[in-house]
Amino acid sequence: MLYKQAIVKRIYELCDEYNYSVNKLAELSAIPTSTLSDIISDRSKNFSYLIIFKICKGLNIEITDFYNTDYFKIDKLDYFIMKPLSFLLSFFYSYITFFS
């Protein structure tokens, strides 16, 4: 599975878990509905880690909770995304270190 596909699956999973529509999640996360819709529908090929951060803030969950699913296990993700994934992991490490 591609990293972006895992993100989209996780967004849908969280919407189901919290019983929110994608539009409601966008509203709670202070993300334009069109931006979140473009990400989910694959019209947006690139998006920033800030989107995930905003989703986590909107749902009042930790970033680690967002990634705490089998979708993000290294053996489940395609190889060519490892470089962006390592960037994100270093970002989260910095985030956790900064706020600890």
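**Note on the helical core and salt bridges**

1. K24 has a relative accessibility of 33%, so K24 counts as partly exposed. The classes here are buried (under 20% relative accessible area), exposed (over 50%) and partly exposed in between, with a 1.4 Å probe and protein chains only. This is a predicted model: local features need pLDDT of at least 70, side-chain atom pairs count only at pLDDT 80 or more, and totals for chains, interfaces and linings use all residues. Residues are numbered from 1 along each chain as its sequence is written, and side-chain values use heavy atoms, without hydrogens or water.

2. K24 pairs with E27 in a salt bridge, with 3.7 Å between the closest N and O atoms. The term means a side-chain nitrogen of Lys or Arg within 4 Å of a carboxyl oxygen of Asp or Glu. Both residues sit in helix α2, 3 residues apart, so about one helical turn separates them. Helices (H or I, at least four residues) and strands (E, at least two) are DSSP runs, numbered from the N terminus. An α-helix has 3.6 residues a turn, so residues three or four places apart point the same way. E27 is exposed, at 57% relative accessible area.

3. The whole structure holds 5 salt bridges. One of them joins the side chains of E13 and R10, at 2.3 Å from N to O. Helix α1 carries both E13 and R10, 3 residues apart, or about one turn. E13 is partly exposed, with 28% relative accessible area. R10 is buried, at 7% relative accessibility.

4. D70 and K73 form a salt bridge too, their closest N and O atoms lying 3.5 Å apart. D70 is partly exposed, at 45% relative accessible area. K73 is also partly exposed, at 43% relative accessibility.

5. Which residues have the most contacts inside the largest nonpolar core? They are I7, I11, L36, I55, F66, Y67 and F72, in a core of 26 residues. A nonpolar core is a set of buried Ala, Val, Leu, Ile, Met, Phe, Trp, Tyr and Cys residues joined through side-chain atoms within 4.5 Å. Two or more residues each come from α1 (3-18), α2 (22-29), α3 (33-40), α4 (49-59) and α5 (63-67). The largest share, 7 residues, belongs to α1.

6. I55 deserves a look. Setting aside neighbours within four places in sequence, I55 is in contact (heavy atoms within 4.5 Å) with I11, L25, S29, I31, L36 and F66.

7. S29 lies in helix α2. Is S29 buried or exposed? S29 is buried, with 4% relative accessibility. The side chain of S29 reaches the backbone oxygen of L25 at 2.8 Å. Apart from neighbours within four places in sequence, S29 is in contact with K54, I55 and G58.

8. On α3, the buried residues are L36, I39 and I40. Viewed down the axis of α3, they fall within an arc of 95°, so they line one face of the helix. The arc is taken over the directions from the helix axis to the C-beta atoms. The cover over these buried residues includes α1, α2 and α4. Check the backbone just after α3: D42 takes a positive phi of about 70° there.

Conventions. A polar contact is a pair of N or O atoms within 3.5 Å; within protein, one must be able to donate a hydrogen and the other to accept it, and residues adjacent in sequence count only if both atoms are side-chain atoms.
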